[in-house]
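Me: I am new to this structure. Please take me through its labels and what stands behind them.

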Amino acid sequence: MCGGVKYLYRTKKKKKKKKKKKNKYSASNPKLDIIDTLSKLSHDSDSEVAHNAIFAMGIVGSGTNNARLANMLRLLAQYYHKDANNLFMVRLAQGLVHLGKGTLTLSPYHSDKMLMSRVAVGGLLGAVIAFMDVNTLILGKSHYMLYHLVSAIQPRMLVTFNEDLKPLPVPVRVGQAVDVVGQAGKPKTITGFQTHTTPVLLAHGERAELGT
């Protein structure tokens, strides 16, 4: 759905709508085109659009430690060093990008991306909707609404245990997931894989298989 949204804006309302769609459908999935678009909007002359774009940068890169996004936010922190409200948004986004030092995610999908957590979606929507009136709510007396994001936080690591629930290092192959639904035989479910030993971190769109 995000891909079908035009990159041309004529009104403030359209800019906000664009930000929210990218925010909602790309949590913890920092695609280059999305990051670049949000980076442009973060310098918008309208303060509310800039607030929303900076927060969206945090949601899109949450828990990924994305170097490109982290560098953009550092530059924004320097740019807005005299603007307390925008600087608050930048610090919030930086915290989200390095969520759990890169071990957590806000993506609502789980079980190999086949299922979506309604609780996580509700948490994301609660925070996103609060930003519709960012000056009154988030920058006002209702900043606690950011805690809605907690319900969407989940680990993005793969850990294996033995029968006594003690960590058990196991070799696994980690690669990009391949959709094999409807294919005959036993097609490969991952491509471009690398072999690691658990625990391992899984990025958006990655899948792990036992290496033995």
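Reply: A crossing is left-handed if the near helix is turned anticlockwise from the far one by less than a right angle, and right-handed if clockwise. Helix α2 passes helix α3 in a left-handed crossing. Helices here are DSSP runs (H or I, at least four residues), numbered from the N terminus. This is a predicted model: local features need pLDDT of at least 70, side-chain atom pairs count only at pLDDT 80 or more, and totals for chains, interfaces and linings use all residues. Residues are numbered from 1 along each chain, and side-chain values use heavy atoms, without hydrogens and water.

Me: Why are α2 and α3 called roughly antiparallel?

Reply: They pack at an angle of about 155°, with axes 8 Å apart. Angles over 145 degrees count as roughly antiparallel (under 35 parallel, 65 to 115 perpendicular, the rest oblique). Therefore α2 and α3 are roughly antiparallel.

Me: What makes Asp36 and Arg68 a salt bridge?

Reply: The rule asks for a side-chain nitrogen of Lys or Arg within 4 Å of a carboxyl oxygen of Asp or Glu. Asp36 and Arg68 meet at 2.8 Å, N to O. Asp36 lies in helix α2 (residues 32-41) and Arg68 in helix α4 (residues 67-79), so the pair ties together parts 32 residues apart in sequence.

Me: Why is Asp36 called partly exposed?

Reply: Its relative accessible area is 28%. Buried means under 20%, exposed over 50%, partly exposed in between (1.4 Å probe, protein chains only). So Asp36 is partly exposed. Arg68, at 40%, also counts as partly exposed.

Key:
Helix = DSSP H or I, 4+ residues; strand = E, 2+ residues; numbered from the N terminus. Axes fitted to C-alpha atoms, helices over the stretch in contact; angles between N-to-C directions.
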